[in-house]
Amino acid sequence: MVKIIMHGCCGHMGQVISDLVAKDANAEIVAGIDIADKGNTTYPVFTEIKACQTEADVVIDFSSAKAADALLDFCVERNLPVVLCTTGLSEEQLAKVEETAKKIPVLKSANMSLGINTLLKLIQDAAKVLATAGFDMEIVERHHRLKVDAPSGTALALADSLNEAMDNQYHYVYDRSQKREMRDDKEIGISAVRGGTIVGDHEVIFAGPDEVIEFKHTAYSKAVFGKGAVEAAKFLAGKPAGRYDMADVIEG
Ligand SMILES: NC(=O)c1ccc[n+]([C@@H]2O[C@H](COP(=O)([O-])OP(=O)(O)OC[C@H]3O[C@@H](n4cnc5c(N)ncnc54)[C@H](O)[C@@H]3O)[C@@H](O)[C@H]2O)c1
């Protein structure tokens with residue numbers, strides 16, 4: 001039985017994970033941490049991270065980038081593996097994640113779904129053929145109106161995957177409104193749409209002369225992320241310190 005501390009337990013994803021774990025015979029949430037205890041959990045909730053001394057095997061985090069530094073310090077102090085799912089971390093925080101992974105196991109993924117993690121690989125094969133042949137690469141993502149960071153962490157991960165396949169020769173463009181000039185050969189345009197209750201759509205477009213190939217992933221419910229996060233938590237518990245991602249979980 002894997003004992004989980006849920007960080008951000010009262011939020012949307014915290015609740016999705018709580019429902020999934022309640023039906024899972026091999027996992028249990030032993031405590032939650034959230035700055036706002038909304039009374040929507042069946043386990044104890046700590047509104048101050050340092051007050052949580054509950055024994056556990058792993059932490060799952062879906063909260064806010066503002067919480068990341070204190071969370072990483074807490075996990076190092078308690079020697080707890082952490083599945084970091086919060087997006088929108090700053091450059092300094094990303095560097096802190098890498099430092100932290102030298103002391104404890106850290107699994108960070110901007111998107112916990114099996115589909116997106118498969119897509120990350122597929123588009124590398126496509127880029128090697130199509131971008132090399134002169135196709136332009138563009139990403140369009142769509143999310144619900146409440147999402148505060150843009151572009152999505154997943155869109156950036158898709159761009160990084162394309163760029164990595166092309167020996168990191170590309171740069172990213174988020175806004176073309178300030179310049180009146182044609183696109184550069186080595187740019188990846190990333191556009192963000194926000195509205196309604198869209199769970200998460202990502203399109204990777206390869207646009208070439210007279211033909212276009214598009215890869216599209218649609219998340220119909222947040223459960224796809226929750227399922228991946230619980231699998232990641234089970235995988236990470238008991239692992240040695242290091243930096244892990246969803247590819248490690250999928251490959252087992
Ligand atoms: N990696 C993925 O697959 C994936 C999927 C969905 C969402 N996300 C990301 O997860 C994060 C949370 O998403 P959500 O939809 O659950 O958001 P949400 O706003 O519904 O929930 C966030 C929760 O975190 C709590 N919180 C805020 N600051 C905190 C702090 N300092 N300490 C402790 N708790 C704090 C809030 O009170 C809230 O209950 C976002 O960054 C989102 O982009 C990642």
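## Cysteines and ligand site in a predicted model

The structure holds zero disulfides, a disulfide being a pair of cysteine sulfur atoms within 2.5 Å. For Cys 10, the nearest cysteine sulfur is that of Cys 9, 3.8 Å away. Cys 10 has 5% relative accessibility and counts as buried, that is, under 20% relative accessible area with a 1.4 Å probe and protein chains only. Cys 85 is also in no disulfide, and its nearest cysteine sulfur, that of Cys 75, is 12 Å away. At 6% relative accessibility, Cys 85 counts as buried.

This is a predicted model, in which local features need pLDDT of at least 70 and side-chain atom pairs count only at pLDDT 80 or more, while totals for chains, interfaces and linings use all residues. Residues are numbered from 1 along each chain, and side-chain values use heavy atoms, without hydrogens and water.

There are 23 residues around the ligand, and His 12, Met 13, Asp 34, Thr 87 and Met 112 come nearest; a residue is near if one of its heavy atoms lies within 4 Å. This shell divides into nine nonpolar, ten polar and four charged residues.

| Residue | Protein atom | Distance to a ligand oxygen |
|---|---|---|
| His 12 | side-chain N or O | 2.8 Å |
| Lys 38 | polar side-chain atom | 3.0 Å |
| Met 112 | polar backbone atom | 2.9 Å |

Taken alone, the ligand exposes 860 Å², of which the protein buries 79%; these areas come from the Shrake-Rupley method with a 1.4 Å probe.

Definitions and conventions. Polar contact = N/O pair within 3.5 Å; in protein donor to acceptor, adjacent residues only side chain to side chain. Nonpolar A, V, L, I, M, F, W, Y, C, P; charged D, E, K, R; others polar. Buried < 20%, exposed > 50% of the residue type's maximum accessible area, 1.4 Å probe, protein only.
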